[in-house]
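Trainee: I have a structure open and would like to learn how to read its features. Where do we begin?

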Amino acid sequence: MTGAEGVRCALLRGGTSKGAYFLAEDLPTDPAARDDLLLRIMGSPDPRQIDGLGGGHPLTSKVAVVSASADPAADVDYLFLQVAVDRAEVTDRQNCGNILAGVGPFAVERGLVPPGDGETSVRIRMRNTGESAVATFPTPGGRVDHTGRAAISGVPGTAAPVMIEFPAAGRPLLPTGRVRDTIAGTDVTCVDNGMPTVLIPATALKVTGYEDPAELEEDRQLADRLREIRLAAGPLMGLGDVESATVPKLSLLAPPRNGGAVTTRTFIPVRCHTSIGVLGAASVAAGLALPGSVAEGIARPPAEGHRMRIEHPTGLLEVDTDVVPGAGDAPPVARRTAVVRTARKIFDGTVFPRPAGVLPAAPTPAPARTPGGNDGSAPS
Ligand code: NQM
């Protein structure tokens, strides 16, 4: 598939991210050929992705590959691919809960799942982690409704709500086996409630945790400290060498200021998120629920119930996560996690990739504020 004839594709906003959604059957089956095609579709490598669909930021350089599932417990399979912005790299090493919000509506519109009358629930197997999720969204009269009255922080206006539920994951909530570790001289909590995340008190890295993402991205000392912590945390969290990986994420914690449980600034892992990822927020919320975590003395989790409102640079993300301590020596478990997102179809049609073998001759210069990599992964 050269792409000269174009590829069937839909562009959806999923939560606070935006991605290109494909049926697996519309892409090459060979991963190397698929990734080469996706780089040409998204316009990478180029800091502005000017010749493709990408928006020049990791949050708008995302891909969902969807197919009918062979697993009887799922309706569809969802493979998430992060397309680097200014490097010719595509990775499946992380999942994405924001892009997940568009998978159910896309699956119904492509005929993979029959719509219910009123609302539809789609059981999704997330191929990146092997975990599952159920997405429920309105389908009045048997059609996906992309309009609606649900608002989420970080997205102007309203759209149809997508309720996403995650059952207990098979992976350990505490990947290092401890609720607290000292990594590169800093006390942290490594937690994975869907996204491997390192929780760090903001003041331990000499920032307040209330700065703008742009201001934090300009801080070279902070970038060096975060990199040091991330590279050491990777092997401890069972992720191996994370030099060029997009995980673990790093969430700086500060006391809440707007009625939530905690304030966050999350690095994904080089750029600072303008809000927070869904599974990233689920991992922060689980960390807040764990006695002895570094969030103690910083966060104010609710006295009752499981709903945590995670503050981020553009508002709040509410996560309902039911964390229970393990009996005896058993580790703690998040029995169930739920979030509400919105998704909206932006276009559905044919995308025409840059021809094969033609790389941008002279990439446009990186935006001035970018410290190192502009691609959500490690700086080059
Ligand atoms: O954590 C960005 C996003 C994400 C991931 C990232 C996400 C999640 O906001 O579930 O959604 O952390 O790279 O799209």
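This is a predicted model: local features need pLDDT of at least 70, side-chain atom pairs count only at pLDDT 80 or more; totals for chains, interfaces and linings use all residues.

Trainee: How many cavities of 30 Å³ or more does a search of the whole structure find?

Mentor: The search finds five.

Trainee: Why does the largest cavity lie between domain 1 and domain 2?

Mentor: Look at who gives residues to the lining. Domain 1 (7-169 + 343-351) and domain 2 (181-330) both do, so the largest cavity lies between them.

Trainee: And what is the volume of the second largest cavity?

Mentor: About 100 Å³. Its lining has 14 residues, with F166, A169, N193, G194 and L279 nearest the centre. Two or more lining residues come from each of β7 (131-139), β8 (161-167) and α6. Read the domains here too: domain 1 and domain 2 each provide at least three residues of this lining.

Trainee: How does the lining of the second largest cavity divide by class?

Mentor: Six residues are nonpolar, six are polar and two are charged.

Trainee: Helix α6 keeps coming up. How should I read a helix, and is α6 mostly covered or exposed?

Mentor: General idea first. An α-helix has 3.6 residues a turn, so residues three or four places apart point the same way. Now the case. Helix α6 spans residues 278-288 and is mostly covered, with 11 of its 11 residues buried.

Trainee: Now the backbone. What should I expect of phi and of peptide bonds?

Mentor: Most residues other than glycine have a negative phi, and most peptide bonds are trans. Look for departures from that.

Trainee: Which residue does a cis peptide bond join to S44?

Mentor: P45, and omega is about 0°. P45 is in the loop between α1 (31-42) and β3 (62-68). Another cis bond runs from V247 to P248, with omega near -5°. P248 lies in the loop between α5 (220-236) and β12 (249-254).

Trainee: What is the phi of Q49?

Mentor: It is positive, about 45°, although Q49 is not a glycine. Q49 sits in the loop between α1 and β3. A184 is also not a glycine, and its phi is positive at about 50°. Find A184 in the loop between β9 (181-183) and β10 (186-192).

Trainee: Are Q49 and A184 buried or partly exposed?

Mentor: Check each relative accessible area against the cut-off: buried means under 20%. Q49 has 1%, so Q49 is buried. A184 has 30% relative accessibility, so A184 counts as partly exposed.

Definitions and conventions:
Residues are numbered from 1 along each chain as its sequence is written. Side-chain values use heavy atoms; hydrogens and water are left out. Buried means under 20% relative accessible area, exposed over 50%, partly exposed in between (1.4 Å probe, protein chains only). Helices (H or I, at least four residues) and strands (E, at least two) are DSSP runs, numbered from the N terminus. On a 1 Å grid over the protein atoms alone, a cavity is a set of points where a 1.4 Å probe fits but cannot get out, and a pocket is an open set with protein on both sides within 12 Å along at least five of seven lines; lining residues have an atom within 4 Å of a point. Grid points are joined across faces, edges and corners, and a volume is the space filled by probe spheres set on the points. Domain bounds come from an automatic or database domain assignment. Ala, Val, Leu, Ile, Met, Phe, Trp, Tyr, Cys and Pro count as nonpolar, Asp, Glu, Lys and Arg as charged, and the others, Gly among them, as polar.
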